[in-house]
Amino acid sequence: MPAETKAIVIAVDRLSKTYPVSFLRLKKLLRRKFKAPVEALREISFTIKEGEIFGLIGPNGAGKTTLTKIIATLVQPTSGNVIVKGHDSVADDQNVRRNVGLSGAEERSFYWRLTAEQNLLFFARLHGLNGRVARNRIAELFALLELQELATRRFAELSTGNKQRLSVARALLAKPAVLLLDEPTRSLDPIAAARMRSIIKSLAQTNNATIFLTSHNLTEVEELCDRVAIIGKGEIRALDTPQNLRTTHTEEERLTIAFSGLSVIDAEQALARSFKPELFVFEPSCPDESLVKFTRAADDDLLDRVLRVLQQSGATIRSVESERATLLDVLESYEKQSGELPSLS
Amino acid sequence: MILFLRRIWAFLARDWRLELSYRMQFFLRVLSILIVVTTLFFISKIFSGFADPRFGQWRDPLAAWLTGLAVLNYFMTGFSSLANAIRQEQVQGTLESVLMTPISVPTVIVASSTWDFVQATLFSSLYLLFGWLFFDVHYRGSFLLALMFLVLTTIVLSCLGILSASFAMVFKRGDPFGVFLGTGSALFSGVFFPTQLINQYAGPRVASISRVLPPTYGLDGIRRVLIEGQTLAQVQQPLITLLVFLIVLLPFSLWVFGRAVRKAKREGSLIQY
């Protein structure tokens, strides 16, 4: 189904959250000191469609956790609303939770003296699964997340990475339509992290699960997410596909071509005949290989033309590397704009 | 209903398994009950032959103490386990993950305190069983009527427990209900001595404290039934008093609890402790 025609699963509308000061009137009356209320989210609006992987990135304290917890019904907004699969997160919170699975980074959210299987069995029963169905589902999830051998081990004995995987397994117990994943690969080794990313992708593509992912691993966000929102000081600073975010941020791309079979001088002369010479910087790389570096506007045909000239002059192209702005550059740029991050230059 | 029972079962199974991982604690608790019963048996021998005819329930002090302790243990569970249930999940860090399932906060509280009631039933029965088995303590009257008093008083105390849980949810610590009822019940409800003695030695003002405590009526009713063998018609007064407590406290405590949950969710402090 094309993305445009897919149903909206999460709708966040003008959502604001200010953590109030407890017993403010009493404190004022008693002339006690109190901290100012904390404004965690300000007028946030966006929608997420079925099967979409939506990333939320931003510095610590930007409002990611608050937003996740509001979607998960654990915190109530001050104003605005969140609708998940047609259910309001405040007025109809139980139905929202029926449709949502949350995997957080908090290890203490399990019973440490129970085994991995006993833990999942408990949560499965709370989701209303009966014994046999629950056991079958747990076996499926253990197989999916490669946890079978750890089923009878106490939670306390599991490694941090396996605890993380168990947390994802718990989020998937009731086959939720929406998955809220907070740094799902945080403690995993590179192979397990790659496997987890492939599971997340397949959940969205095959099962049409809608995934809301917060992470500080920007490469992962870039790899997984269809769209990414950048949040800072409680406001959405930008929201687009990772590619568009990078392009909007900078329309230029730095390219490095490694070639052999042609000397640097011959290459310089060949390119000078077709282009402005000051466009290029040449560097010898190793005895039989040289590098030419240049910048082009994203998506123009300069690369194609340069490659053709070099090849026609007898060069063999060894590799082409491009350096575009990463999500980190984009994030840093927004934070610099808002004054949250000091300029490094 | 089936879903509710399934969830109760989930909590029971979880707590049973957790209990199994601390076996020694269970056996020490059973042993301590036996030691307390034995100690009270010897203390009761000091008073044999000195029974005051004004205190009919105290002709056999051992029987009065054992019913007092058994019932107090149950009442305190009714009162404290609800707040403890929330607090324990908060301290363990598991409250958030439990609340992420489609389960309401009241169900979490009721279900997670179920194991405490199972344990309290067992331990309270042990007081009576050890007295009967080893020290020739006999109970008469209708066990069903006594059970009715026990259940009614426990529900009334659970209402106070709900108020206590509301307090734990908002203030996290420093629950005044716990202090008042915990120490107050043991002192003023007639667990260890007849409440009439308070009036005699401390005056009617202090004695009036015992009249506002629900355990006083629960304990009086149970002793009248089990020790004096009174019938339903004879125990109407404590029964009606307990019903009045229930009618007032149940809606009030549920209202306060709803407000506390809303406040904690607004402040984002539901899982803080």
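Mentor: Two residues are in contact if their C-beta atoms, placed from the backbone, lie within 7 Å. Please note that this is a predicted model. In chain B, of the contacts between residues at least 6 apart in sequence, 81% join residues at least 24 apart.

Trainee: What is the pattern of chain B along the sequence?

Mentor: Chain B reads α-α-α-α-α-α-α-α-α-α-α, with eleven helices and zero strands.

Trainee: Why is chain B called as compact as a globular protein of that length?

Mentor: The globule rule gives 19 Å for 273 residues, and the radius of gyration of chain B is 20 Å; the value is close to the rule, so the description applies. Along the principal axes, the C-alpha atoms of chain B fill a box of roughly 60 × 45 × 35 Å.

Trainee: What makes a residue of chain B count as buried, and what share of the 273 residues is buried?

Mentor: The criterion is 20 or more other C-beta atoms within 10 Å of the residue's own. In chain B, 44% of the 273 residues are buried.

Trainee: How many residues of chain B are in contact with chain A?

Mentor: By the 7 Å cut-off between C-beta atoms, 26 residues of chain B are in contact with 26 residues of chain A. On the chain B side, the elements that give two or more residues are α1 (2-20), α4 (95-99) and α11 (236-267) of chain B. The largest share, eight residues, comes from α1(B).

Trainee: Which classes do the residues of that side of chain B divide into?

Mentor: The side of chain B that touches chain A has ten nonpolar, eight polar and eight charged residues.

Note on methods: Residues are numbered from 1 along each chain as its sequence is written. Chains are lettered from A and ligands numbered from 1 in the order in which they are written. This is a predicted model: local features need pLDDT of at least 70, side-chain atom pairs count only at pLDDT 80 or more; totals for chains, interfaces and linings use all residues. Helices (H or I, at least four residues) and strands (E, at least two) are DSSP runs, numbered from the N terminus. The radius of gyration is taken over C-alpha atoms; the globule rule is 2.2 Å times the number of residues to the power 0.38. A residue is buried if 20 or more other C-beta atoms lie within 10 Å of its own, exposed if 12 or fewer, and partly exposed in between; C-beta atoms are placed from the backbone. Ala, Val, Leu, Ile, Met, Phe, Trp, Tyr, Cys and Pro count as nonpolar, Asp, Glu, Lys and Arg as charged, and the others, Gly among them, as polar.
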